[in-house]
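I set out to record what I looked up in this structure, entry by entry. I begin with the whole protein and then turn to its parts.

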Amino acid sequence: MPSLTTDQINAITQSVHDNFEAQLSYTQQLIRFGGQRGEEGAVQDFVFDAFATRGYAPVKFDMDESELGKHEGAGNFSPTHSRAPVVVGVHKPKSQCEGGKSLILNGHIDVVPLGPVDMWADDPYSAKIEGDKLYGRGAADMRSGHASNIFALDALRKIGLQPASEVIIQSVPEEESTGNGTMMTHLKGYKADAVLIPEPVQEQLVRANVGVLWFQIEVRGRPVHVRTMGTGVNAVDACWGVVGALRELEAEWNQRHVKTKYFEEEKHPLNLNIAIVNAGDWASSVPAWCKIDCRIAITPGTTARSAADEIEKKVATYAATHPYLGNNPPKVNWNGFFAEGYTLEPGTEAENILRKAHKQATGSELTTQTSTAYLDARVHSLYDKIPALVYGPIGADVHGFDEWVSIESVKKTTVAMALFIAEWCGVEKI
């Protein structure tokens, strides 16, 4: 398959620029939908219509808890997880280009909670623009990249071209909790020769990515009136003892995996986060219960099951040394991510074409990073066995207050994506 000509590169680049005002407006609409976990139905309807308008014959399908439960890489459901549908559209070429390859463009539509809204400088869903920054929850992670998926294709359409290979466009929920949205696309049989996911990774390519586990620990105490608290067992105090044991395991894992390939420069990649604490029911009663929700990372090659076994063993070992917990052991419940990490080894044709596209779009060489956050690319890498390219714009304050994405970076990475699609898939006249 021949490389793009200089005229084609220039025409595609100009097409992205000419249509960028529309892309920015569309991205703002996505941000303004908001939609916390379980509330993504309206924005998915909007995405469905956007796919349909472009002729991608979209379909919706629900999370199949039964089928997901059979897969080792699926997250564990809880009542709080989203049942919003997955939306998938497909571009079909007129005829397969010789040498052209199929592609998945994946983007997650879900966003994380806002935290105290009064700590934001403005409405979290304002989608306001100040200088080069587009603000709002999901602006970077990842509704700007989600929009780039279809506007990279639009850039080809605007100049009378389209991919000469099949392109599957996926809009998924549950990337922030379980990874089950993308896992459902795998279980439905969607497959291609590569996948591109425009997460906000600072105009870099992700070389390696941690796996992630979510779990909840429940500790029961013995309630008494606070005046005789020495005769009871404070579940909160007992739970912090369990946390201390988990911190020991966290330190052990980071030391054990310090030489893992692509993690050599990461000082502390495997972070344990004590994220949610619920306990007790009366200030003058020694609390009878405490529940903590936790997240921890694992290096590629470590299975979620083996990591879970270590966690359960660590909790049980600590409990056995405790005068009360020894007979009333804590419960460990797996309630979200149960995901292994992945690596993208250098040298794939897909990476080489993306490198060239990035250089053409930005004038700079493409660099790589090791990601210590969860990425849905692991589904495609581990289970589809295809090159999984995570590459996207510059952004900041992801999962924090006043999240933003660089508008100019979105434009540049959209150009790179359009050039990559054109060369990876080949192009034909509409």
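**Entry 1: the whole protein.** I first looked up burial, and I noted that buried residues make up 59% of the 430 residues in the protein. I record here that the model is a predicted one. I then listed the secondary structure, which consists of 11 helices and 19 strands.

**Entry 2: overall dimensions.** I asked what radius of gyration the protein has, and how it stands against that of a compact globule. For 430 residues a compact globule would have a value near 22 Å; the protein has 23 Å, so the two agree. I also noted the span of the C-alpha trace along the principal axes, which is about 80 × 45 × 40 Å. The protein exposes about 17,500 Å², and carbon and sulfur atoms supply 50% of that area.

**Entry 3: contacts along the chain.** I took the contacts between residues at least 6 apart in sequence, and found that 84% of them join residues at least 24 apart.

**Entry 4: the largest nonpolar core.** Which residues of this core touch the most other members? The core has 48 residues, and I wrote down Y26, L103, F420 and I421 as the answer. I next looked up the elements that give two or more residues to this core: they are α1 (6-18), α2 (20-33), α3 (41-53), β3 (103-108), α5 (139-157), β7 (167-172), α9 (349-362) and α11 (407-425). Helix α11 gives the most, with 10 residues. I then followed Y26 and, leaving aside residues up to four places away in sequence, found that Y26 touches F46, V47, A50, A147, I150 and F151. Apart from this core lies another, of 41 residues, and its members include L213, I296, L325 and F338.

**Entry 5: helix α5.** I compared the length of α5 with expectation. At 1.5 Å a residue, its 19 residues should span 27 Å, and its end C-alpha atoms are 25 Å apart, which agrees. I noted a bend of about 30° at N149 in α5. I also asked why α5 may be called largely enclosed by the rest of the structure. The reason is that 18 of the 19 residues of α5 are buried.

**Entry 6: S15.** I located S15 in helix α1. Is S15 buried or exposed? Its relative accessibility is 6%, so S15 counts as buried; the cut-off for buried is under 20%. Not counting residues up to four places away in sequence, S15 touches D154, A155, K158 and I159.

**Entry 7: C239.** I found C239 in helix α7 (residues 235-256). Beyond residues up to four places away in sequence, C239 touches V219, C290 and I292. I also looked up the pair C239 and R220: they are 19 residues apart along the chain, and their C-alpha atoms are separated by 8.7 Å.

**Entry 8: E130.** I placed E130 in strand β4 (residues 129-130). E130 has 45% relative accessibility, and therefore counts as partly exposed. I finally asked how far apart E130 and F338 are in space. From C-alpha to C-alpha the distance is 39 Å, and in sequence E130 and F338 are 208 residues apart. I recall that F338 is among the residues of the 41-residue core.

Note on methods:
Residues are numbered from 1 along each chain as its sequence is written. This is a predicted model: local features need pLDDT of at least 70, side-chain atom pairs count only at pLDDT 80 or more; totals for chains, interfaces and linings use all residues. Side-chain values use heavy atoms; hydrogens and water are left out. A nonpolar core is a set of buried Ala, Val, Leu, Ile, Met, Phe, Trp, Tyr and Cys residues joined through side-chain atoms within 4.5 Å. Buried means under 20% relative accessible area, exposed over 50%, partly exposed in between (1.4 Å probe, protein chains only). Helices (H or I, at least four residues) and strands (E, at least two) are DSSP runs, numbered from the N terminus. Contact means heavy atoms within 4.5 Å. The expected span of a helix is 1.5 Å times one less than its number of residues. The bend at a residue is the angle between axes fitted to the seven residues ending there and the seven starting there. The radius of gyration is taken over C-alpha atoms; the globule rule is 2.2 Å times the number of residues to the power 0.38. Accessible areas come from the Shrake-Rupley method with a 1.4 Å probe; for residues, only the protein chains shown count as cover.
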